[in-house]
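Hi everyone, thanks for coming. Let's have a look at a structure together, so please bring up the viewer and follow along.

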Amino acid sequence: MRITALLPLLLLVSGPIQAQKLLQIEKYGSPRTTKIFIGDPITYQLRGAEGFHSSYIENIRIEDSLLVLADRYVKVYDIAALRYDRGWPRAAGKSLFWFGAAWSGFAAAGFAFDGDEETNYRWADAIVTLSSWGLSLAIPRLFEHKTIRMGNRRRLRLLDLRMNPEDWEK
(Lines give C-alpha, C1' and ligand atoms only; values in the text may rest on other atoms or scores of the structure.)
Protein backbone atom coordinates (compact mmCIF):
# COMPACT_ATOMS: atom_id res chain seq x y z
CA MET A 1 0.00 0.00 0.00
CA ARG A 2 2.80 2.41 0.86
CA ILE A 3 4.66 1.64 -2.38
CA THR A 4 1.63 2.41 -4.52
CA ALA A 5 1.26 5.78 -2.79
CA LEU A 6 4.93 6.64 -3.35
CA LEU A 7 5.04 5.64 -7.02
CA PRO A 8 3.22 8.72 -8.41
CA LEU A 9 5.35 10.94 -6.20
CA LEU A 10 8.57 9.36 -7.50
CA LEU A 11 7.40 9.81 -11.09
CA LEU A 12 6.72 13.49 -10.55
CA VAL A 13 10.05 14.10 -8.81
CA SER A 14 12.15 12.17 -11.34
CA GLY A 15 11.33 14.58 -14.17
CA PRO A 16 11.56 13.69 -17.82
CA ILE A 17 13.55 10.56 -18.57
CA GLN A 18 15.85 10.81 -21.56
CA ALA A 19 16.47 8.00 -24.02
CA GLN A 20 19.85 6.77 -25.18
CA LYS A 21 22.34 7.01 -27.98
CA LEU A 22 22.69 3.83 -30.00
CA LEU A 23 24.25 2.16 -33.03
CA GLN A 24 21.70 0.66 -35.40
CA ILE A 25 22.23 -1.92 -38.16
CA GLU A 26 19.80 -1.39 -41.01
CA LYS A 27 19.08 -3.59 -44.01
CA TYR A 28 17.72 -2.11 -47.21
CA GLY A 29 14.06 -3.06 -47.75
CA SER A 30 13.57 -4.49 -44.26
CA PRO A 31 11.86 -2.74 -41.35
CA ARG A 32 13.81 -4.86 -38.85
CA THR A 33 16.87 -3.30 -37.27
CA THR A 34 19.43 -4.45 -34.75
CA LYS A 35 20.29 -2.01 -32.00
CA ILE A 36 23.59 -1.93 -30.14
CA PHE A 37 23.61 0.21 -26.99
CA ILE A 38 26.34 1.85 -24.93
CA GLY A 39 27.94 -0.82 -22.75
CA ASP A 40 27.37 -3.66 -25.23
CA PRO A 41 30.31 -5.65 -26.58
CA ILE A 42 31.09 -5.27 -30.27
CA THR A 43 33.33 -7.31 -32.57
CA TYR A 44 34.19 -5.44 -35.75
CA GLN A 45 36.50 -5.45 -38.77
CA LEU A 46 37.89 -2.22 -40.18
CA ARG A 47 38.03 -1.50 -43.90
CA GLY A 48 41.27 -2.81 -45.40
CA ALA A 49 42.16 -4.82 -42.27
CA GLU A 50 42.37 -8.59 -41.97
CA GLY A 51 41.33 -9.48 -38.42
CA PHE A 52 38.47 -8.67 -36.09
CA HIS A 53 38.73 -6.50 -32.97
CA SER A 54 36.55 -6.81 -29.87
CA SER A 55 35.72 -4.12 -27.36
CA TYR A 56 32.89 -2.50 -25.39
CA ILE A 57 31.11 0.64 -26.50
CA GLU A 58 31.74 3.27 -23.84
CA ASN A 59 30.18 6.26 -25.58
CA ILE A 60 28.79 7.38 -28.92
CA ARG A 61 29.69 10.78 -30.38
CA ILE A 62 27.07 11.41 -33.02
CA GLU A 63 28.36 14.81 -34.13
CA ASP A 64 31.71 13.22 -35.11
CA SER A 65 30.28 9.80 -36.18
CA LEU A 66 32.55 8.10 -33.66
CA LEU A 67 32.23 5.07 -31.43
CA VAL A 68 34.22 5.53 -28.24
CA LEU A 69 35.51 2.07 -27.37
CA ALA A 70 37.52 0.94 -24.37
CA ASP A 71 40.85 1.26 -26.18
CA ARG A 72 40.24 3.50 -29.25
CA TYR A 73 37.94 5.68 -31.29
CA VAL A 74 36.39 4.17 -34.43
CA LYS A 75 34.58 6.04 -37.18
CA VAL A 76 31.34 4.28 -38.09
CA TYR A 77 32.14 4.57 -41.80
CA ASP A 78 35.41 2.64 -41.31
CA ILE A 79 33.63 -0.49 -40.04
CA ALA A 80 33.45 -3.09 -42.82
CA ALA A 81 31.87 -5.99 -40.92
CA LEU A 82 30.39 -6.96 -37.56
CA ARG A 83 30.62 -10.42 -36.01
CA TYR A 84 28.29 -12.06 -33.50
CA ASP A 85 28.78 -15.26 -31.54
CA ARG A 86 25.98 -17.75 -31.94
CA GLY A 87 24.73 -19.91 -29.10
CA TRP A 88 22.99 -22.72 -30.94
CA PRO A 89 26.07 -24.43 -32.46
CA ARG A 90 27.53 -25.23 -29.06
CA ALA A 91 24.19 -26.53 -27.81
CA ALA A 92 23.74 -28.65 -30.96
CA GLY A 93 27.25 -30.05 -30.55
CA LYS A 94 26.60 -31.09 -26.96
CA SER A 95 23.27 -32.65 -27.90
CA LEU A 96 24.83 -34.64 -30.74
CA PHE A 97 27.64 -35.86 -28.49
CA TRP A 98 25.24 -37.15 -25.86
CA PHE A 99 22.96 -38.62 -28.54
CA GLY A 100 25.87 -40.70 -29.88
CA ALA A 101 26.89 -41.77 -26.39
CA ALA A 102 23.31 -42.77 -25.54
CA TRP A 103 22.94 -44.68 -28.84
CA SER A 104 26.03 -46.77 -28.12
CA GLY A 105 25.17 -47.14 -24.46
CA PHE A 106 21.66 -48.45 -25.14
CA ALA A 107 22.89 -50.71 -27.94
CA ALA A 108 25.58 -52.19 -25.67
CA ALA A 109 23.17 -52.55 -22.74
CA GLY A 110 20.59 -54.23 -24.99
CA PHE A 111 23.21 -56.66 -26.26
CA ALA A 112 24.43 -57.45 -22.74
CA PHE A 113 21.11 -57.79 -20.91
CA ASP A 114 18.34 -58.81 -23.33
CA GLY A 115 19.18 -62.53 -23.34
CA ASP A 116 18.57 -62.86 -27.09
CA GLU A 117 21.47 -64.41 -28.97
CA GLU A 118 20.47 -62.87 -32.31
CA THR A 119 20.84 -59.26 -31.20
CA ASN A 120 24.30 -57.82 -30.88
CA TYR A 121 26.20 -54.57 -31.07
CA ARG A 122 26.53 -53.91 -34.81
CA TRP A 123 28.74 -51.75 -36.98
CA ALA A 124 25.70 -49.60 -37.70
CA ASP A 125 25.55 -48.65 -34.01
CA ALA A 126 29.21 -47.66 -34.06
CA ILE A 127 28.74 -45.65 -37.28
CA VAL A 128 25.82 -43.69 -35.78
CA THR A 129 27.88 -42.96 -32.67
CA LEU A 130 31.01 -41.90 -34.54
CA SER A 131 29.13 -39.76 -37.06
CA SER A 132 27.22 -37.92 -34.33
CA TRP A 133 30.49 -37.34 -32.43
CA GLY A 134 32.12 -36.04 -35.61
CA LEU A 135 29.22 -33.67 -36.20
CA SER A 136 29.37 -32.57 -32.56
CA LEU A 137 32.94 -31.41 -33.19
CA ALA A 138 32.33 -29.90 -36.65
CA ILE A 139 29.10 -27.92 -36.16
CA PRO A 140 30.38 -25.54 -33.45
CA ARG A 141 33.50 -24.77 -35.47
CA LEU A 142 31.66 -24.20 -38.75
CA PHE A 143 28.77 -22.08 -37.45
CA GLU A 144 30.34 -20.37 -34.43
CA HIS A 145 30.12 -16.79 -35.75
CA LYS A 146 27.70 -14.78 -37.84
CA THR A 147 29.41 -12.09 -39.87
CA ILE A 148 27.43 -9.12 -41.18
CA ARG A 149 29.20 -7.25 -43.99
CA MET A 150 28.41 -3.59 -44.49
CA GLY A 151 27.84 -2.58 -48.07
CA ASN A 152 25.08 -1.90 -50.55
CA ARG A 153 22.29 -3.58 -48.59
CA ARG A 154 23.41 -2.98 -44.99
CA ARG A 155 24.59 0.11 -43.17
CA LEU A 156 25.34 1.42 -39.71
CA ARG A 157 23.60 4.46 -38.33
CA LEU A 158 24.18 6.38 -35.11
CA LEU A 159 21.00 7.58 -33.42
CA ASP A 160 20.39 10.01 -30.58
CA LEU A 161 16.95 9.37 -29.09
CA ARG A 162 17.20 12.02 -26.39
CA MET A 163 14.56 14.71 -26.36
CA ASN A 164 15.73 18.32 -26.42
CA PRO A 165 14.31 20.59 -23.68
CA GLU A 166 13.23 23.05 -26.40
CA ASP A 167 10.91 20.37 -27.83
CA TRP A 168 9.02 19.91 -24.53
CA GLU A 169 7.00 23.10 -25.01
CA LYS A 170 5.82 22.18 -28.51
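So, to begin: of the 170 residues of the chain, what percentage count as buried? The answer is 24%. Please keep in mind that we are looking at a predicted model.

Now the overall layout. You can find 3 helices and 9 strands in the chain. If you read along the sequence, the order goes α-β-β-β-β-β-β-β-α-α-β-β. How do contacts run along the sequence? Take the contacts between residues at least 6 apart in sequence: 62% of them join residues at least 24 apart.

Let's zoom in on helix H3, residues 123-142. H3 is 20 residues long, and from its first C-alpha to its last it reaches 28 Å. That is close to the 28 Å expected at 1.5 Å a residue.

Which residues are buried in H3? They are Asp 125, Ala 126, Thr 129, Ser 132, Ser 136 and Ile 139. And what covers them? The cover includes helix H2, residues 88-113.

So let's look at those two helices as a pair. H2 and H3 pack at an angle of about 165°, and their axes are 8 Å apart. Angles over 145 degrees count as roughly antiparallel, so H2 is roughly antiparallel to H3. As for handedness, H2 and H3 make a left-handed crossing. If we sort the residues in this contact of H2 with H3 by class, we get 14 nonpolar, 6 polar and 2 charged.

Conventions: Residues numbered from 1 in each chain as written. Predicted model: local features only at pLDDT ≥ 70, side-chain atom pairs only at ≥ 80, totals over all residues. Heavy atoms only, no water. Helix = DSSP H or I, 4+ residues; strand = E, 2+ residues; numbered from the N terminus. Expected span 1.5 Å × (residues − 1). Buried < 20%, exposed > 50% of the residue type's maximum accessible area, 1.4 Å probe, protein only. Contact = heavy atoms within 4.5 Å. Axes fitted to C-alpha atoms, helices over the stretch in contact; angles between N-to-C directions. Parallel < 35°, antiparallel > 145°, perpendicular 65-115°, else oblique. Left-handed = near helix turned anticlockwise from the far one by under 90°. Nonpolar A, V, L, I, M, F, W, Y, C, P; charged D, E, K, R; others polar.
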